[in-house]
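Please look over the chain below before reading on. The report that follows is meant for someone new to it.

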Amino acid sequence: MLLIPCPHCGERAQVEFAYGGDATKRRPADGAPDEAWYEYVYLRGNPRGPHREWWLHHGGCGRWIRVIRDTATHAVLGAEPAIDSRDSGVVPGGSASGEPREEEGGGPPAAPVPPPRRDTGAGEG
Ligand SMILES: [Zn+2]
């Protein structure tokens, strides 16, 4: 099991997180050609070594973070908030301005991975 250092909550088990995809992809601008959207939506690299990925901490703070994970060893090399001081006015999952961030990777995925149901059974029976 991976231990992911959430920048908001500290080190937590992987089961509290949902993988959100490649954080190096940049969302094409509105009006971009179909080829750009095809590449953004469907084409993925298969890098070996450190790679930036989106992860949603659904079992904790509920925030998107960027995790740097070595795809060859699964070692988690670091994590950072999806938003930092360079991103004033931009919120995860849908920016305040409607525009993606200008840095590598753009914002978190627009359609978040739904977290697994964690019904405790309370209220039933
Ligand atoms: Zn967290």
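**Model and confidence**

This is a predicted model, in which local features need pLDDT of at least 70 and side-chain atom pairs count only at pLDDT 80 or more, while totals for chains, interfaces and linings use all residues. Residues are numbered from 1 along each chain as its sequence is written. The predictor's confidence in each residue is given as pLDDT, from 0 to 100. Its mean over the chain is 79, and 66% of the residues reach 70 or more. Over residues 85–104 pLDDT stays under 50, and the model has 30 contacts beyond four places in sequence for that stretch. Two residues are in contact if their C-beta atoms, placed from the backbone, lie within 7 Å. Where pLDDT is low, the predicted coordinates should not be read in detail.

**Layout**

The chain has one helix and six strands, and along the sequence these follow the pattern β-β-β-α-β-β-β. Helices (H or I, at least four residues) and strands (E, at least two) are DSSP runs, numbered from the N terminus. Among contacts between residues at least 6 apart in sequence, 54% join residues at least 24 apart.

**The sheet**

Four strands make an open sheet in the order β3-β4-β5-β6, with antiparallel pairing. Its edge strands are β3 (18–22) and β6, each pairing on one side only. From one strand to the next the twist averages 30°, where axes are lines fitted to C-alpha atoms and angles run from 0 to 180 degrees between N-to-C directions. Two strands pair if DSSP finds at least two bridges between them; β5 and β6 are antiparallel and joined by five bridges. Across this pair, R66 stands opposite E80 and V67 stands opposite A79.

**The core**

Of the 125 residues, 14% count as buried. Buried means that 20 or more other C-beta atoms lie within 10 Å of the residue's own, exposed that 12 or fewer do, and partly exposed is in between; C-beta atoms are placed from the backbone. A nonpolar core is a set of buried Ala, Val, Leu, Ile, Met, Phe, Trp, Tyr and Cys residues joined through C-beta atoms within 7 Å. The largest one has twelve residues, including I4, F17, W54, I65, V67 and A79. Two or more residues come from each of β1 (3–6), β4 (50–56) and β5. Beyond four places in sequence, I65 is in contact with C6, P7, W55, H57, A79, E80, P81 and A82.

**L2 and H74**

L2 lies in the segment before β1. Its C-alpha atom is separated by 5.1 Å from that of Q14, twelve residues away along the chain. Leaving out residues up to four places away, L2 touches Q14, H74 and V76.

H74 is in the loop between β5 (64–70) and β6 (76–81). These two strands form a hairpin with five residues between them, and H74 in the turn has a positive phi of about 70°. Most residues other than glycine have a negative phi.

The table sets out the surroundings of both residues.

| Residue | C-beta atoms within 10 Å | Class |
|---|---|---|
| L2 | 14 C-beta neighbours | partly exposed |
| H74 | 10 other C-beta atoms | exposed |
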